[in-house]
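Hi everyone, thanks for making the time. Let me put the picture up, and then I'll talk you through a few spots.

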Amino acid sequence: MKKVFALALALMMMAMFATTAMAGTAIMFPLRLMANPTTGYDWHFSMSEEGIISLTGGEFTLNDEDLMGAPGYYDYMIMGEQEGDTVLVMDYQQFDDAETSIVTVIYTIHVDEFMNVYVNEATISF
């Protein structure tokens, strides 16, 4: 069941990235991450260089408010804070197991002098 969920999650994220990546450059780059916190899994973030970007938002929205335990998504905006490069790593893992991720998404990001955000590369592994 976990592998089916991980595969579905990865496919949705690839489709989401393909849609948003076409925008090219943006001062704010939208990011939607599918999740189901009722399973004990959630997204954890790390950056290779702090201060280059910031993540705003992060509110969870249910896909179906009438269904107990329904999956949903988090909406974030990646905003440029200072010129430079960073790698944003997003791991989908259980709350009590920071060592094991069922999905890892890595964005290589560049912010130019005008605070435009470029996602140069995206990889998904599970």
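Let's start at Met 90. Leaving aside residues up to four places away in sequence, Met 90 touches Leu 31, Leu 33, Trp 43, His 44, Phe 45, Val 103, Thr 104, Val 105 and Tyr 107. Keep in mind that this is a predicted model.

Met 90 also shows up in the largest nonpolar core, which has 22 residues. Met 90 is listed there with Trp 43, Ile 78, Tyr 107 and Ile 109 as the residues with the most contacts inside that core. Which elements give two or more residues to this core? They are strands S1 (28-35), S2 (41-47), S4 (72-80), S5, S6 (101-111) and S7 (117-125). S6 brings the largest share, six residues. As a general point, nonpolar side chains in soluble globular proteins tend to be buried together.

Now, Asp 91. This residue is in strand S5, which covers residues 84-94. Is Asp 91 buried or exposed? Its relative accessibility is 18%, so Asp 91 counts as buried, the cut-off for that being under 20%. What do we find around the side chain? There's a polar contact of 2.7 Å to the side chain of Thr 104, and another of 3.2 Å to the side chain of Ser 101. If we again skip residues up to four places away in sequence, Asp 91 touches Asp 42, Trp 43, His 44, Ser 101, Val 103 and Thr 104.

On to a sheet. Three strands make an open sheet in the order S1-S4-S3, with antiparallel pairing. S1 and S3 (53-62) are at the edges with a single partner strand each, so one side of each has no neighbour in the sheet. From one strand to the next, the twist averages 20°. S3 and S4 are joined by nine bridges, and Leu 62 stands opposite Gly 72 in S4.

Last stop, the aromatics. The count comes to six aromatic pairs. One of them is Phe 45 with Tyr 76, an edge-to-face pair at 5.1 Å centre to centre and 70° between the planes. That pair links distant parts of the chain, with Phe 45 in S2 and Tyr 76 in S4, 31 residues apart. Phe 45 counts as partly exposed because its relative accessibility is 29%, whereas Tyr 76, at 13%, counts as buried. Tyr 74 and Tyr 76 have ring centres 6.2 Å apart and planes at 35°, so that pair is tilted. Tyr 74 is buried as well. Put together with Phe 60, these residues, Phe 45, Tyr 74 and Tyr 76, form one aromatic cluster.

Technical notes
Residues are numbered from 1 along each chain as its sequence is written. This is a predicted model: local features need pLDDT of at least 70, side-chain atom pairs count only at pLDDT 80 or more; totals for chains, interfaces and linings use all residues. Side-chain values use heavy atoms; hydrogens and water are left out. Helices (H or I, at least four residues) and strands (E, at least two) are DSSP runs, numbered from the N terminus. Buried means under 20% relative accessible area, exposed over 50%, partly exposed in between (1.4 Å probe, protein chains only). A polar contact is a pair of N or O atoms within 3.5 Å; within protein, one must be able to donate a hydrogen and the other to accept it, and residues adjacent in sequence count only if both atoms are side-chain atoms. Contact means heavy atoms within 4.5 Å. A nonpolar core is a set of buried Ala, Val, Leu, Ile, Met, Phe, Trp, Tyr and Cys residues joined through side-chain atoms within 4.5 Å. Two strands pair if DSSP finds at least two bridges between them. Axes are lines fitted to C-alpha atoms, for helices over the stretch in contact, and angles run from 0 to 180 degrees between N-to-C directions. Rings of Phe, Tyr and Trp (its six-membered ring) pair if their centres lie within 6.5 Å; planes under 30 degrees apart count as stacked, over 60 as edge-to-face and the rest as tilted.
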